[in-house]
Amino acid sequence: MSDRIFGVVGMLLALGYVLAALAIEESFLSDAVGPKAFPLIIAAILGLSSAVIAFRPDPEPKWPALGRLVEIGAAIVVMILYAELLPVAGFVIATAFAAAYLAWRLGSALLEAVFVGIGTSIGIYVIFHLVLGLSLARGPWGF
Amino acid sequence: METLANLGDGFAIALTWQNLLLALLGCFLGTIMGALPGLGPSNGVAILIPLAFTLGLGATPSLILLTSVYYGAMYGGRISSILLNIPGDEPAMMTCLDGHPMAKKGMAGEALSLSGVASFVGAFFATWGLILLAPQLVKIALLFGPAEYFALFALAFMTLGGVSSTNQAKSAFAAALGLGLATIGVDTQTGVPRFTFGEVHLYDGLDFLVAIVGLFALSEVFIFLEHRHGGSDAEGRKMEIGKLYPPISMLKQCMPTMLRTSFLGFLAGVLPGAGASLGSFISYSMEKRLVDKKGTFGTGDPRGVAAPEAGNNAAAGGALVPMLALGVPGSGTTAVLLAVLLALNITPGPLLFTQNPDVVWGLIAALFIANFMLLAMNIPMVGLFTRVLMIPSRVLMPIVAMVSFVGIYGISGSTFDLLVMIGFGVMGWVLRKLDVPLVPIILGTLLGNAMENNLRRAVTIDNGNWLTLIDSPLAITLWAIAIIGFILPLVIGARVKSGMHVRRDEEGSISD
């Protein structure tokens, strides 16, 4: 079933891609092929392979239980928050929280998770920023 | 003779303190990454690219660092295969078969050092193979016009699909997806924006480094979260190493095996799309058929340890040949290395050898040096790396995730890129669940623009005649190989792959 859904999604993707490709405005100065042809070829392959996947599905993959999916969803949310808050809160604080969260969800005890979070954050800050001179996000406190 | 002179120049470049230090660092990090299950050569190199990039390293030093990681990972993978019966990375899968039984017999130290020697032999001969074969390939590649290049790219995708997945349709899908992603951004020939949907950040196209780190490194974090696999695989197991040097008689017994499998592995590596996993697999299978008269393979035969290790290290060197000489990588990790070159504005291919000989020969010389460093690291100091296996993944994976974020943020300083990377991470996770190979996607995003430009150039030169693509004998040959490479696995591939899977099932613990 997963492969059938995947195949249909792939075909829809190909269709959307074709529509977007046809909407490309061509410049008056164009080569013999133009900017549309290659995307259309790709779309054909995309659609064809999706159709094959839908009609000849592989055995069902093992999807995680709902609880684990929620877990992954939560991690994605945390990562997005991390990306958005990085310039606001500064590198060290944002990273400590994000790393501690991941460590906690991977099964660390709370204290260990806090320790991993702070350790990762400060470790990366020292190695990448102080030693190697990589510019990291600066928060209101300058780190 | 000219080759030797070039090689001498290469050594002059590689033997600076900075480059030696980078090679040493790369070997060390690579061995660790290879040893840790969950980090392999391709995602190991991927998370280090931003580092090399932001350090402001030039092309030669970055390549030295990253190929040392690549070679190191090939060495490191065997450690957890032998001690824990869990391959540290995919090519080390075959090493479990005889390596772990040897460790059970109390010969872990012998198995580790023997496989270290086998890795060295494989990598050493493969580097020579690279020196001898790459310039010949360059001579052929110089005859290529745009039409031939287009055919060559198609060949790379079609053969890669044949080997990397059990389902050809899914690898075709992956390749098309990657190529499609590459078309996002302003069209290089006419200057019109394509698939940008008015988003200014997309005018430059998607940064392939973002895609690589997301697909390879971040999706691994999701896999671990899914299984909540937070412990270390080494927990609660005794890891006795014992004697660290193999008896001379064992080395003698294994030497013919190593030489044969080095050659075979190198060939497997050169073939587009094959890579190290296939190299170690066919090496083991051939040796089993050839020398296993008493049926000792699988019960801790030293030759069964030497064969896959020599094979996968030789394949790693072999895979560099098409990457450097043609600009078409043959495996996942060489695709990542190609991304490094492209990010540094160096176009691999025949012209690389004439325009940037310092890069090529400096790299080759560094590979020789790195190989000796790895031998030294991996035999007397192997105990150090076995400790690394005790790091639980609940500590390791947050670090991997954060280093990925830092690297991407360090390059662009943009939140948008981080969000795109998370998107690729999620996509990578879903596609891995659906058994869609990720390497063709990467290859597609990397080669998409070059492929399209060559297509358009070829057709434009011939005034819009599309038949020009199959006009020259060279192009026809390439297309023929491509088609055979796509169809043949449908016939034979099933058999080879079922062999690989049967083995996996027998060794229940290997497949997660």
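## Two domains in chain A

In this predicted model, chain A is assigned two domains: domain 1 covers 2-55, and domain 2 covers 66-131. Taken over C-alpha atoms, the centres of domain 1 of chain A and domain 2 of chain A are 38 Å apart.

## The overall form of chain B

Turning to chain B, you will find 20 helices and two strands.

Of the 512 residues in chain B, 65% are buried. Among contacts in chain B with a separation of 6 or more, 80% link residues 24 or more positions apart.

## Surface and charge of chain B

Chain B has an accessible surface of about 17,900 Å², and carbon and sulfur atoms contribute 65% of that area. Its side chains include 27 positive and 30 negative ones, with 11 Å between the centres of the two sets.

## Two loop residues with positive phi

Most residues other than glycine have a negative phi. Against that background, have a look at Asn345(B), whose phi is near 65°. Asn345(B) sits in the loop between helix H13 (332-343) and helix H14 (350-355) of chain B. Its relative accessible area is 73%, so Asn345(B) counts as exposed, the cut-off being over 50%.

Asp435(B) also has a positive phi, about 65°, without being a glycine. The loop that holds Asp435(B) runs between helix H18 (415-433) and helix H19 (439-461) of chain B. With a relative accessible area of 39%, Asp435(B) is partly exposed.

Definitions and conventions
Residues are numbered from 1 along each chain as its sequence is written. Chains are lettered from A and ligands numbered from 1 in the order in which they are written. This is a predicted model: local features need pLDDT of at least 70, side-chain atom pairs count only at pLDDT 80 or more; totals for chains, interfaces and linings use all residues. Side-chain values use heavy atoms; hydrogens and water are left out. Helices (H or I, at least four residues) and strands (E, at least two) are DSSP runs, numbered from the N terminus. Buried means under 20% relative accessible area, exposed over 50%, partly exposed in between (1.4 Å probe, protein chains only). Contact means heavy atoms within 4.5 Å. Accessible areas come from the Shrake-Rupley method with a 1.4 Å probe; for residues, only the protein chains shown count as cover. Lys and Arg count as positive and Asp and Glu as negative; His and the chain ends are not counted. The place of a charge is taken as NZ of Lys, CZ of Arg, CG of Asp or CD of Glu. Domain bounds come from an automatic or database domain assignment.
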